[in-house]
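These are my notebook entries on a structure that I am reading for the first time.

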Amino acid sequence: MLSNDDIKKNLGFAAADYVSSGMTIGAGTGTTAYWFLQALGEKVKQGLDVVAVPTSTATANLLIENNVPLKTLNEVDKIDLVLDGADEIDPAFRLIKGGGGAHLQEKMVAAAADRMIVLADASKLVSQLGRFPLPVEVVPFGYRQVQQKIAKTYGIDVTVREKFGAPFISDHGHYILDCHFGTIADPLNLHAWLNQIPGVVENGLFLQYATATLIGYPDGNIIFTPNPQR
Ligand SMILES: O=C(CO)[C@H](O)[C@H](O)COP(=O)(O)O
């Protein structure tokens, strides 16, 4: 049985096989995406001709370390393929993302892309979204109002994400509220409701972006499943 890190490493290398020369790709964030970026770096060394749009500062740094040419989202017209991780995936290919606090940029990159392959170990597959606390990125000014509104409306715990004893600050200078829903009965309505609250920048529900999943299992199997809806 493979360790979680070995599953992610295998996934990262398998994912790189979906990239071909001439593509503009979206490069995801997180520990699974990390291995994809290592694999991509090796392919670029061997002659693969790609341009990558990073979904976070951390990923931009990894692209630079691995000598992968990068562009910002403003410098490309569109993205052919995004390869990114997820915190949860439901049977309808809907995701929770943002465990790394990068979901705003990740969603903007996914929205600009023709296709998105989600890389995840099998522990991320769930029958219903919500066990993983849903990240909601908020403007620091007045964040407590937003925190209280979500907590009171749904009767749940909403915590301010911290790092080193202080609020975690996203790449875009915002806070992250982690919303402990437990289960999310209606992701579409929740998505719309959250994003209309003044001060909310973006939530971590990705409901219509995944065109396929690449799932790694502890026995070493890796399974590619296209989303029949896309
Ligand atoms: O959404 C993300 C970062 O904002 C990541 O893709 C998600 O948290 C999964 O990360 P990992 O591959 O480390 O489990």
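The model is a predicted one, in which local features need pLDDT of at least 70 and side-chain atom pairs count only at pLDDT 80 or more, while totals for chains, interfaces and linings use all residues. Residues are numbered from 1 along each chain as its sequence is written.

**Entry: two phenylalanines in loops**

I note that helices (H or I, at least four residues) and strands (E, at least two) are DSSP runs, numbered from the N terminus. I looked up Phe164 and found it in the loop between strand E9 (162-163) and strand E10 (166-167). Phe164 is exposed because 5 other C-beta atoms lie within 10 Å. Its phi is positive, about 50°, although Phe164 is not a glycine.

I then looked up Phe93, which lies in the loop between strand E4 (88-89) and strand E5 (95-96). Is Phe93 buried or exposed? Phe93 is buried, with 23 other C-beta atoms within 10 Å. Phi of Phe93 is near 65°, again a positive value in a residue other than glycine. For background I record that most residues other than glycine have a negative phi.

**Entry: the annotated position**

The UniProt annotation "active site", from an unreviewed entry, covers Glu106. Glu106 sits in helix H4 (residues 103-111). It counts as buried because 32 C-beta neighbours fall inside 10 Å.

For contacts I use this rule: two residues are in contact if their C-beta atoms, placed from the backbone, lie within 7 Å. Which residues does Glu106 contact, leaving aside its neighbours within four places in sequence? They are Gly28, Thr29, Thr55, Asp84 and Lys97.

I also checked the helix as a whole. In H4, 7 of the 9 residues are buried, so the helix is largely enclosed by the rest of the structure. The buried residues of H4 are His103, Leu104, Gln105, Glu106, Lys107, Val109 and Ala110.

**Entry: H2 against H3**

Axes are lines fitted to C-alpha atoms, for helices over the stretch in contact, and angles run from 0 to 180 degrees between N-to-C directions. Helix H2 (residues 31-45) packs with helix H3 (residues 57-65) at an angle of about 20°, their axes being 9 Å apart. H2 is therefore roughly parallel to H3. I note the classes: angles under 35 degrees count as roughly parallel, over 145 as roughly antiparallel, 65 to 115 as roughly perpendicular and the rest as oblique. On the H2 side the contact is made by Ala33, Tyr34 and Leu37, and on the H3 side by Thr59, Leu62 and Leu63. By class, this contact has 5 nonpolar, 1 polar and no charged residues. Here Ala, Val, Leu, Ile, Met, Phe, Trp, Tyr, Cys and Pro count as nonpolar, Asp, Glu, Lys and Arg as charged, and the others, Gly among them, as polar.

**Entry: H1 against H2**

I found H1 and H2 packed at an angle of about 45°, with their axes 7 Å apart. The two helices are therefore oblique to each other. Among the H1 residues that meet H2 are Leu11, Gly12 and Phe13, and H2 contributes residues including Trp35, Phe36 and Leu40. By class, the contact of H1 with H2 has 9 nonpolar, 4 polar and 3 charged residues.

Asn10 is in helix H1 (residues 4-16). Asn10 counts as partly exposed, since 19 C-beta neighbours are inside 10 Å. Not counting residues up to four places away in sequence, Asn10 touches Gly216, Gly220 and Ile222. Asn10 and Ala39 are 29 residues apart along the chain, and their C-alpha atoms are separated by 9.6 Å.

Ile150 has its place in helix H5 (residues 143-154). With 24 other C-beta atoms within 10 Å, Ile150 is buried. Beyond four places in sequence, Ile150 touches Val136, Val158, Leu177 and Cys179.

Leu194 lies in helix H6 (residues 187-195). Leu194 is likewise buried, with 22 C-beta neighbours inside 10 Å. Leaving aside neighbours within four places in sequence, Leu194 is in contact with Val136, Val200 and Asn203. I note that Val136 is a contact of Ile150 and also of Leu194.

Methods:
UniProt positions renumbered as here; feature names shortened; annotations may be inferred. Buried ≥ 20, exposed ≤ 12 C-beta atoms within 10 Å, placed from the backbone.
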